[in-house]
Amino acid sequence: MNRRDFVGLTGLGATALLLPGLPGFGAQRVDPSRLLEPGADTILKKRLADAALNAAKSAGASYADVRIGRSLNQYVFTREKQVQNIVSTESYGVGIRVLVNGCWGFASTSVVTEASLAATARLAADIAKADRLVMKEPVQLAPQQGYGEVSWRTPIQQSAFEVPVKQKADLLLAANAAALDAGASYINSALFQVNEQKYFASTDGSYIDQDVHRLWPTFNATAVDTKTGKFRSREALSAPVGLGYEYLTPSANEQVYGPQGTDTVGYKLRYDILADAALAGKQAKAKLGMRSVTPGKYDLVLDPGHLGLTIHESVGHPTELDRVLGYEANFAGTSFATLEWKAKNLPYGSPQVNIVADKLQPGAVGTVGYDDEGVKTKEWDIIRAGKLVDYQKIRDQAHIVGQKASDGCCYAQSWEDVQFQRMANISLRPGPAKMSPDEMISKVDKGIYIAGAGSFSIDQQRFNFQFGGQLFFAIEKGKITEPLEDVAYQANTQEFWGACQGSCDQSDYRLFGTFFDGKGQPAQVSSVSHGSATTRFNAVNVINTARKV
Amino acid sequence: MAILSQDEAQALLQKVLTYSTADECAVSLNGRTTGNIRYARNSVSTAGAQDTISLAVESRFGKRAGIATCNEFDEATLRRCVQRAEEIAHLAPESPEYVPLLGPQTYLSPPSAVTTLLTPATRAQAAADSMTLCAAKNLASAGFLDGGVRFQALRNSKGLAAYQQSTNTDFSVTVRTADGRGSGYAIADVTDPAKLNTKVLTQRAADKAIGSVNAKAIEPGKYTVILEPAALMAGDDLSLLGGLLGGLDARSADEGRSFMTKKGGGNRKGEKLFDERVNIYSDPLNAEVPGNAFDNEGLPTQRLSWVEKGIVKNLYYSRFWAEKNKVAPTAYPSGFVMSGGTQSTAELIKGTAKGILVTRLWYIREVDPQTLLYTGLTRDGTFYIENGAIKFPIKNMRFNESPIIMLNNVEAIGRPVRLAGCLVPPLKIRDFTFTSLSDAI
């Protein structure tokens with residue numbers, strides 16, 4: 001499978017939230033059985049870490065941290081009736097970050113010996129010393145207590161790595177068959193399984209051992225009309241999750257039926273890939289004959305599998321403090337939500353908008369116990385009743401906004417890369433009153449219901465955005481009337497959230513997520529989830545995306 | 001350790017092959033030594049170095065294949081790695097898309113790698129040159145410098161042997177005015193760090209930042225645009241030209257799920273899809289953008305025309321799809337060259353009665369794969385042109401446009417420059433579609 005096949009399969013070209021490449025997927029492949037072997041024990045890791053920390057201190061570091069990482073990933077790829085590839089990767093090595101004379105230095109190595117780690121620590125210190133030339137603002141670290149020797153593990157019921165590869169391939173092939181039987185011409189499917197074994201130690205006195213698990217089953221079903229040359233696709237409505245293989249055990253309690261007339265099903269913490277694939281095959285074929293949307297203003301009713309992406313782009317990123325301060329100006333951009341903007345107490349959205357950052361959320365792919373600079377993770381409010389109340393911060397930023405502690409938002413995609421600020425799970429709280437999607441739609445006179453994430457784009461300060469979706473349905477006088485195509489909506493972040501009329505209740509709440517939130521230079525990816533219930537936004541500008549070439 | 005010589009690499013691979021009992025076995029080594037410095041707010045933010053090497057072993061028994069890797073190189077580990085690859089191969093299903101390993105190949109010799117590389121000190125100095133300039137003018141710089149050396153070596157039981165080193169240095173900088181009302185950008189990549197002048201590039205970005213203050217809003221609609229190379233090709237994100245070229249895949253076209261699909265079946269290879277002045281090719285021997293001599297399977301790259309006088313001359317054929325269609329397979333190139341004229345961007349501006357200069361596009365995403373419709377926004381320096389001169393800065397805008405339509409609306413093609421490992425000219429395009437305004441600066 002080449003890179004373009006991979007991008008096409010995962011919809012990365014359309015659904016990655018800034019794809020900077022495919023780090024972590026092509027490097028070192030290893031046989032599946034090895035993925036079950038235990039890594040080095042914590043006694044050995046502590047000894048190695050201490051060798052690095054001592055070398056760093058001897059080289060002049062006022063602070064240092066060491067991350068001994070082992071990433072075990074397995075990807076099963078299939079298309080139609082065949083297994084395309086089974087890829088097992090292992091990556092093992094150490095990243096060392098040091099603070100010397102107020103400057104950061106970082107170096108990594110795949111040679112995991114005490115001597116190599118000491119040498120790598122000295123190299124990191126040399127880099128920090130060289131950069132004294134270009135330091136204007138010495139780093140100020142928020143104080144952090146040492147936790148001693150602690151551990152954390154994703155609370156999974158069954159590791160996906162313990163499931164035989166054949167069983168996983170057979171499940172994907174069965175999903176493919178379901179989609180093909182239902183009308184798809186082609187289908188690609190994949191199961192991504194991630195296990196990050198992270199050992200962190202710092203001169204603060206923390207020795208943190210974490211075992212993180214993530215899973216993502218996905219597919220892309222395509223229907224082709226050879227006569228007209230038209231083709232249409234529908235992607236899986238699954239979410240990447242911080243769960244074990246139990247996510248693939250269907251449960252009626254974890255299904256949420258979409259509004260009447262849409263034939264859509266959403267999933268909470270259990271996913272029925274066979275049922276979703278069958279619906280996808282049917283819906284991809286149906287897309288070949290849908291009515292093209294008439295552009296104009298519509299009230300939008302957005303399902304959580306769609307809205308999560310909008311939350312990510314228009315709230316998650318602009319409230320990252322490193323963007324606000326200008327650290328991402330050369331690549332991922334800055335933010336309209338500057339410190340001055342916030343000081344004016346301007347509304348971010350309507351009073352119905354309450355958004356929370358949460359690194360502890362069950363089932364979310366961004367959930368961990370500690371971040372990559374030794375900070376215990378937590379939950380905190382970002383937007384309360386439509387007003388921005390806080391940002392997302394790391395240790396060397398807290399003082400800039402007059403705070404004394406990090407929010408635990410510092411992560412690296414692997415031991416090879418330096419840690420920096422990444423997004424927490426950012427979610428819209430559900431409405432307090434009981435309301436189903438059907439009840440919400442019953443009050444819409446002229447609108448569109450959108451399910452699933454599609455094309456997306458937002459400017460570098462997070463004002464202007466455009467989003468597509470997987471499935472679109474016209475709403476007229478309180479009822480779903482017909483499916484639509486060529487739909488995208490454009491809005492300004494503040495106007496859009498200002499037009500929020502409220503959400504359905506907790507019973508409709510679901511997660512959207514990604515493994516591939518991109519940012520930074522060198523670019524790194526990160527995993528993050530976004531929860532919400534079905535939510536209504538009034539009078540949003542909808543464009544028609546049909547073209548002739 | 002991360003960079004092995006050709007002799008060292010092949011000796012190691014040859015030793016690994018002797019441990020194999022498979023019908024076919026392919027082994028490869030990949031290594032890199034790189035370093036970087038990142039700065040913002042006129043101060044360094046992060047800096048680092050990476051040093052990695054890994055071995056991959058693919059073992060095949062009939063149509064069954066297994067892959068294992070390791071990153072330690074003692075004999076016991078190497079033997080275990082081969083053994084594990086063979087165990088997986090025995091367990092794997094037969095692949096209906098099996099093609100045998102390649103035998104010995106003959107490769108071109110792209111211009112050799114530069115041996116002088118950036119060091120922590122020279123990276124810091126290059127960044128200092130950029131930051132000092134901005135600090136003196138009360139401007140804020142944010143930049144990134146990254147570079148190093150990589151190698152890849154292949155060997156298999158059919159007698160194939162390949163080795164190549166490459167070097168690269170990438171630099172980009174965004175300069176913003178202190179009040180946040182202006183922003184400018186410049187980018188360059190070189191194979192030889194000596195050719196990089198961060199001061200000159202930063203000055204260019206600074207000029208754009210200062211010039212973009214007080215941007216006016218104009219109505220979205222269809223405009224003549226001059227797209228600078230950075231607006232056409234990007235290394236870190238999707239890009240208009242990169243997306244188009246990445247879509248020239250024969251299999252997806254033949255299967256009916258590509259913009260290259262022909263109505264009624266088959267693909268559109270040989271059709272004139274673009275303006276006849278559009279010529280795009282790849283050439284591993286190009287002195288300015290030397291390319292990979294081989295792909296990951298060891299298939300040799302060669303000079304290949306993709307678009308000639310607006311006609312799609314070649315599509316990418318994997319070895320399986322080539323065999324099925326009885327055509328030659330295609331080694332996917334590492335870079336492209338879009339031929340151009342002799343005019344610089346400044347000269348293109350002089351010849352423009354009314355139009356928009358676009359420095360950079362941002363967050364480009366595919367809206368419709370059928371028509372290759374993309375959306376995205378201008379960024380870091382957008383200016384209105386009138387009577388051959390830049391008249392005033394304008395607010396950024398969102399576009400919805402297909403590169404297929406764009407390359408049919410070519411007014412002029414400028415002189416190509418190196419960017420993201422490619423040679424890309426500035427393009428003057430008529431009727432480029434902007435659909436909304438953005439307040440972003």
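# Chat about a two-chain model

Colleague: Asp486(A), buried or exposed?

Modeller: Asp486(A) counts as buried, because its relative accessibility is 12% and the cut-off for buried is under 20%. Keep in mind that this is a predicted model.

Colleague: Where does Asp486(A) lie?

Modeller: In the loop between strand 22 (479-485) and strand 23 (487-492) of chain A.

Colleague: And what is phi for Asp486(A)?

Modeller: Positive, about 65°, although Asp486(A) is not a glycine. Chain B has a case too: phi of Ala420(B) is near 50°, again a positive value in a residue other than glycine.

Colleague: While we're on backbone geometry, which peptide bond is cis?

Modeller: The one from Gln521(A) to Pro522(A), with omega near 0°. Pro522(A) lies in the loop between strand 25 (510-519) and strand 26 of chain A.

Colleague: Let's go to strand 26 of chain A, then. Ser529(A) is in there. What does Ser529(A) touch?

Modeller: Strand 26 covers residues 524-532. Not counting residues up to four places away in sequence, Ser529(A) touches Pro240(A), Ala364(A), Val365(A), Gly366(A), Asn425(A), Ile426(A), Leu511(A), Phe512(A) and Gly513(A). Ser529(A) counts as buried, because its relative accessibility is 0%.

Colleague: Which backbone nitrogen lies 2.8 Å from a polar atom of the Ser529(A) side chain?

Modeller: That of Val365(A).

Colleague: And Ser527(A), what is it in contact with?

Modeller: Ser527(A) is in strand 26 of chain A as well. Leaving aside neighbours within four places in sequence, Ser527(A) is in contact with Arg214(A), Val365(A), Gly366(A), Thr514(A) and Phe515(A). Ser527(A) counts as buried, at 11% relative accessibility.

Colleague: Asn425(A) came up with Ser529(A). Which way does Asn425(A) point from strand 17 of chain A?

Modeller: Strand 17 covers residues 425-428. Asn425(A) and Ser427(A) point one way, Ile426(A) and Leu428(A) the other. All are buried.

Colleague: What does strand 17 of chain A pair with?

Modeller: Strand 12 (residues 355-358) of chain A, through four bridges, running antiparallel. In that pairing, the bridge partner of Val356(A) is Ser427(A).

Colleague: What's the strand order in that sheet?

Modeller: 14-13-12-17 in chain A, an open sheet of four strands with antiparallel pairing. Strand 14 (387-388) and strand 17 are the edge strands, each pairing on one side only.

Colleague: How many bridges between strand 13 and strand 14 of chain A?

Modeller: Two, in the antiparallel sense. Strand 13 covers residues 379-384. The bridge partner of Arg384(A) in strand 14 is Lys387(A).

Colleague: New topic, the interface. How many residues of each chain are in contact?

Modeller: 89 residues of chain B with 87 residues of chain A. The area buried between the two chains is about 7,600 Å², and carbon and sulfur atoms give 50% of it.

Colleague: Which residues of chain B lose the most area to chain A?

Modeller: Arg41(B), Arg257(B) and Tyr363(B), together 10% of what that side buries.

Colleague: How many salt bridges between the chains?

Modeller: Four. Among the salt bridges is Glu137(A) with Arg41(B), the closest N and O atoms being 3.4 Å apart.

Colleague: Which element of chain B gives the largest share of the side that touches chain A?

Modeller: Strand 2 (residues 43-61) of chain B, with twelve residues. By class, that side of chain B has 35 nonpolar, 32 polar and 22 charged residues.

Colleague: In which sense do strand 2 of chain B and strand 3 of chain A pair, parallel or antiparallel?

Modeller: Parallel, over two bridges. Strand 3 of chain A covers residues 103-109. Ala107(A) stands opposite Ala49(B) there.

Colleague: Last one, Asn279(B). Where is its place?

Modeller: In the loop between helix 7 (250-254) and strand 8 (280-282) of chain B. Asn279(B) is partly exposed, with a relative accessible area of 21%. A polar atom of the Asn279(B) side chain lies 2.7 Å from the backbone nitrogen of Lys309(B).

Conventions: Residues numbered from 1 in each chain as written. Chains lettered and ligands numbered in written order. Predicted model: local features only at pLDDT ≥ 70, side-chain atom pairs only at ≥ 80, totals over all residues. Heavy atoms only, no water. Contact = heavy atoms within 4.5 Å. Buried area = accessible area lost by both parts, 1.4 Å probe. Salt bridge = Lys/Arg side-chain N within 4 Å of Asp/Glu carboxyl O. Nonpolar A, V, L, I, M, F, W, Y, C, P; charged D, E, K, R; others polar. Pairing = 2+ DSSP bridges. Buried < 20%, exposed > 50% of the residue type's maximum accessible area, 1.4 Å probe, protein only. Polar contact = N/O pair within 3.5 Å; in protein donor to acceptor, adjacent residues only side chain to side chain.
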